[in-house]
Amino acid sequence: MSGPINHARAKISKIFNGEPQSYTRFNLAPNTDGDNSQVEVKLSTEVEEELDVPEAGHRHAGRSPARTQLCTSRNMFYMALGVLLIFVTGYLVGYMTHQKPMPSQGSAEGVECPSLQLADSNDEGVVNVPEPTLDWNDITGMLRSKLSSSAFVQTLSEFSSENHQAGSQGDEVLANKVLGIFSSLRMNPWNDEHYVQLQMPSRNDMNKVFFGSEEVGSPQGYLAYSAPGVKQGRVVYANYGRVEDLKYLQDVGINLNGTVVLLRTGKISLAEKVANAAKFAAVAVLIYPEIPGNYDLNTELYGHVHFGTGDPYTPGFPSFNHTQFPPSKSSGLPEILAQTITAAMACEIHKKMGGKDAPVNFKGKLIDFDSYKLGDSNNIVKVVVKNNEVDTRIHNIFGVIKGFVDPDRYVVIGAQRDSFSWGYAKSTVGTSLLVELAKAITEMIKAGFRPRRSIVFASWSAGDFGSIGSTEWLEGYLASLDRKAFTYISLDGAVSGGDLFKASGSPLLHKLLKETLNEVKILAKKDRFLYQKFDVVNFEAKVLEPMKMEDGAYPFLAFSGIPSISFRFVSDEASPHYKYFGTPLDTKDRLDIATGQKVGDFCVSAAQVAGQMALRLVHDHLLRLDVTTYTSFLRKHVAKINMNLNQLIKSSVWAPTQLSARWLISAVGSYSRAADDLLNDAQNSDLEDEETCRKINDRIMRVEHNLLSPYVSPRDVPFRHILFGFGNYTLTALEDHLKNLKTPEADTDLLRNQLALTTWTIQSCANDLAGDVWVLDNMV
């Protein structure tokens, strides 16, 4: 026994005498001021206090004196000391070997995660902290407790502003408010500055519209990125400007070449209306607001007509101040004139138009039902557009809550900050949601919540000009964001009504959204769950909508390949947009009416939806991105392609051996097997092992990015996603090509290229999802 006793005596003596070696408890309590785990240290003075041993009797040299006689008082003292040392050693060894293991953080199945109470610290180290646990119900309950209608009402008031157009002084005031809040929350805020070209009306020359020689008006509203100039031609009423509307006019004998097309708002975006008119050779487009209900017919309309996102004069690369701008522009810029007019101006034009009666589905409520005409050759309209490009500095504001396990992986939650006018539902609600969520989650961190991954909060500028702020950020940090930012949640326009719930997003997030709807209550509807109020049983049909280019989440999905989602409480199922967007009528009073005076309550519910989705993504071991959902999406598209291809073959356009969808079908099968295999790997893996868990999550994260076609340049074709993008190498383009292919003289080489490159994009995605290269089999 003398050897172990002497060894223990030496160890304790070193502690008591303050030598460098000290008792250390490896508690891995995360440091709240950083993203690295911090070892919790018990120093000698703390141990003395716990043992309640007088300091004077234990701080002499650590070596035992030579033995003399056993019966002396000095020997008795050392015998007592030896007994005490044995007791202390046994106590410490027992404590170290029988500590309760730290609970694991929640997995996809809802395993509990640790909640570490923050403890007081001093210059010598961090004292011991209790280790309670938080399960998913604790986390969602904590989030609910941090969100309140009254807080939202106050924040909405603070951020409400009539003048906060992108780059304006009002926009900078709001940016500084967001920056100040992020700073007060210690979210390591930063500012991202861009120099972009925004198009604005001339201060000297007004935009004008004439019917014949008579001036109809000089509208204050305008469409950014219209071609400037003067054009005139026969005016033709074309309903919403959809392709089917314009084809109808052709079918009834109206040649659209050289015409001025008159359109009403609704159904599709302003940019898409102008792009469609340009395809039919119109020279100018006039668009007026048709708002249901009573409203001022002199209400102005604002918007943009760039069929794309970001600064259209720096396509594919960021608008930093040090960038050497080449003379280039986006292919989405229109070559024709586009201008908004008021409903009163449109009413005057309609009443003067002749020609054929408009069909029933073209008729609105602006004038008498029987007074809608398509226009005749004598109805000449002249359009004058004098917009100018203005170099403008904009600011994106960011803050971050860092994760405690994988801080380099993050969810981004973002909202547009600017607006052409009040933009209460368009931007004020989203910015308020962003700020209140940041406050709530930082409070949760103080209360013990420990996210595995990080959450980045982003306040964007120039959203009304086509998601310029967010797109420029994506272009500037594309390599940094690749496979690190794994989800984007857009808060733009999240509350514009209270009767319906709609969402658009990546299929990877559909399951998570549906689960979230089963957990979130609507305060404004007597605390009913969302799934009780809205038809979640028919989730795909009643809730999900295709994501459009004007959606704030679109560039993240289609340009960067980041799984993205947006959602909104709305009132009108027939219209995908709030009827007051883009007008000065987008005010607090109008939104109060649309929500039954319960804007604050709906904001709480919207914050819970966004917040719970984000928290689930940063809390679980496995990312809640369902890779199996893409299997059904791909199969639906490929089934249509195969059907159209077989019809062509049967019509003898090609011999059966010349073209086949066999390899495309095989690629989808490979993806399906890889998705199933990943789930099996996850179920059979030790997710407590951080390296194993990270490898599986890496495979999940790469799916969306791998669905961007690698065969086209992001500068020439920015939206390369084969399911949600635009261009020849999307599945939709392949379907349309097959539908329109009628003769052997058509572009069969393009079709073969489409088939081959789309096939290999899907196969490459499947290969990466399957894992390491040595598990692949390219012969299937």
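## Exposed or buried?

A residue is called exposed when its relative accessible area is over 50%, buried when that value is under 20%, and partly exposed in between. Keep these cut-offs in mind as we tour this predicted model.

Glutamine 597 has a relative accessible area of 58%, so it is exposed. You will find glutamine 597 in the loop that links helix 17 (588–594) to helix 18 (599–619). Its backbone deserves a look too: phi of glutamine 597 is near 65°, a positive value in a residue other than glycine.

## Another positive phi

Arginine 483 is not a glycine either, yet its phi is positive, at about 65°. Arginine 483 belongs to the loop between helix 12 and strand 20 (485–490). With 33% relative accessibility, arginine 483 counts as partly exposed.

## An enclosed helix

Now turn to helix 11, which spans residues 468–476. Why is helix 11 described as largely enclosed by the rest of the structure? Eight of its nine residues are buried, so the rest of the structure largely encloses it. Among the buried residues of helix 11 are Ile468, Trp473 and Leu474, and also Glu472 and Glu475.

What do these buried residues pack against? Their partners include four strands to look for: strand 7 (190–200), strand 17 (388–401), strand 18 (406–416) and strand 19 (453–460). Helix 12 (478–481) and helix 16 (554–559) are also packed against them.

## A nonpolar patch outside

On the surface, Val773, Trp774 and Leu776 make up a nonpolar patch, and together they have about 370 Å² of accessible area. Valine 773 sits in the segment after helix 23 (748–770). Its relative accessibility is 63%, so valine 773 counts as exposed.

Note on methods:
Residues are numbered from 1 along each chain as its sequence is written. This is a predicted model: local features need pLDDT of at least 70, side-chain atom pairs count only at pLDDT 80 or more; totals for chains, interfaces and linings use all residues. Side-chain values use heavy atoms; hydrogens and water are left out. Buried means under 20% relative accessible area, exposed over 50%, partly exposed in between (1.4 Å probe, protein chains only). Helices (H or I, at least four residues) and strands (E, at least two) are DSSP runs, numbered from the N terminus. Contact means heavy atoms within 4.5 Å. Patches are made of residues with over 30% relative accessible area and no salt bridge: like charges are joined within 9 Å, nonpolar side chains (Val, Leu, Ile, Met, Phe, Trp, Tyr) within 5 Å. Accessible areas come from the Shrake-Rupley method with a 1.4 Å probe; for residues, only the protein chains shown count as cover. A salt bridge is a side-chain nitrogen of Lys or Arg within 4 Å of a carboxyl oxygen of Asp or Glu.
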